[in-house]
Amino acid sequence: MAERHTIQVEIVSAEGEIFCGPATLVVAPASQGDIGVAPRHAPLLSMLKPGEVRVHLPDGTEQFFFVGGGAIEVQPTKVTVLADTALRAKDIDEAAALAAKQRAEEALNDRSGHITQAEALAELARAAAQLKIIARLRKQHS
Amino acid sequence: MPGTKEIRAKITSVKNTQKITKAMQMVATSKMRRAQERMRAARPYAEGIRKVIGHLTKANPDYHSPYLSGRETVGNVGIIVVSTDRGLAGALNANVFKQTLLLMREWQDKGAAAKLCMIGAKGMAFFRRLNVPILAHVTHLGDRPHVKDIIGTVKVMLDAYRDGELDRLFLVNAEFINTMTQRPSVEQLLPALPIDTEGLQRHWDYLYEPEASQILDDLLMRYIESQVYRAAVENVASEMAARMVAMKSASDNASKLISEMQLIYNKARQAAITKELAEIVGGAAAV
């Protein structure tokens, strides 16, 4: 009886599971308007807008989850929300990509100045060892 | 023979070093556990998205996503290399770099040029010297990498692939097998290998909002991102495990060194006492 009136809900993000359990109704911000999913809904696949996912629990209470976008997959007995952890928008992504490119270019260009301390220390140790050998060789020959 | 005072000073200094290596070992242990948990937490998402992509490709055999279908000729390969930000992790990074160089050589022999993408500071420091184009890089993700820090870097590579600048995309990172073993692993990200659809139940189709092709591409992008995220988290776990082992052997070596020096110290001390006694006895005899 209970299975007929509930639907299994799973909300997951790339960084971890957010919610898992039965519900009587799920309301999600689909890309073309909010949708409500009741048990035995037809299979549906949609992208999500940033917004809140509302889950009506069998005990009558409601739970809210913020999603930054993502996708929702509906099967008659199961709803899977694949939530984005970050806010996604075309221009935000574009800016992030540009920043990553710039970082790479900068790091490649500044060859001289930016040696890390560890590298500098390693160079120093190598030079010191070479000096020692030279000194020893000199001693032997004199 | 060195004096007792010098030996004692040396013992103290080794003991101090040992304190640091021991502390680093313990920190690495607890961080490793947390990284492993995050690895596990990332799994349901990747599996869920995989399943949906499987359904989608099966339901839409006529749509060929550029991310799924490969290209005949390979002129450029992209390699995303995940490395650590900090050292003192044994041969972990060196192994990953070696594997990357092998992969680059293999494709160079086939006439393809390699373009890299770096996640982690150590990789940047190493590959910068090689005169290989590095398209994007991100460092200092910390012990808890976040998807949002990776998106931009991955997008550069995905866009390059879509625009035909890359014909293959690989991911190299240190695979966490267990605490003692980490192995460099090479994985092909693009074109995405066909996902096994055998296990799926009867064929059905979804209602789509918006079009199936759009959703498929969006999901594939997220799938790749989640794989890179998984690699970054796994690399943290590997880093911590490697550091733990390296620091453990450093602490053990310090213990050995200390006990050896303690022996020398005791001998030197004994020799000094004997010498003093001999002098007293000699002095008394003279009087």
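Helix 1 of chain B passes helix 6 of chain B in a left-handed crossing (the near helix is turned anticlockwise from the far one by less than a right angle; helices are DSSP runs of H or I of at least four residues and strands runs of E of at least two, numbered from the N terminus). The model is predicted, with local features requiring pLDDT of at least 70 and side-chain atom pairs pLDDT 80 or more, whereas totals for chains, interfaces and linings use all residues. Residues are numbered from 1 along each chain as its sequence is written, and chains are lettered from A and ligands numbered from 1 in the order in which they are written.

The axes of helix 1 (residues 4-41) and helix 6 (residues 212-286) of chain B come within 7 Å and cross at roughly 160° (axes are lines fitted to C-alpha atoms, for helices over the stretch in contact, with angles from 0 to 180 degrees between N-to-C directions). Helix 1 of chain B is therefore roughly antiparallel to helix 6 of chain B (an angle over 145 degrees). The residues of this contact comprise 24 nonpolar, 10 polar and 11 charged (nonpolar: Ala, Val, Leu, Ile, Met, Phe, Trp, Tyr, Cys and Pro; charged: Asp, Glu, Lys and Arg; polar: the others, Gly among them).

Between the chains, 34 residues of chain A are in contact with 36 residues of chain B (C-beta atoms, placed from the backbone, within 7 Å). Helix 2 of chain A gives the most to the side of chain A that touches chain B, with 10 residues. That side has 19 nonpolar, 8 polar and 7 charged residues. Strand 5 of chain A pairs in the parallel sense with strand 6 (residues 207-209) of chain B over 3 bridges (pairing requires at least two DSSP bridges between two strands). Leu207(B), in strand 6 of chain B, is the bridge partner of Leu44(A).

How values were computed: Parallel < 35°, antiparallel > 145°, perpendicular 65-115°, else oblique. Contact = placed C-beta atoms within 7 Å.
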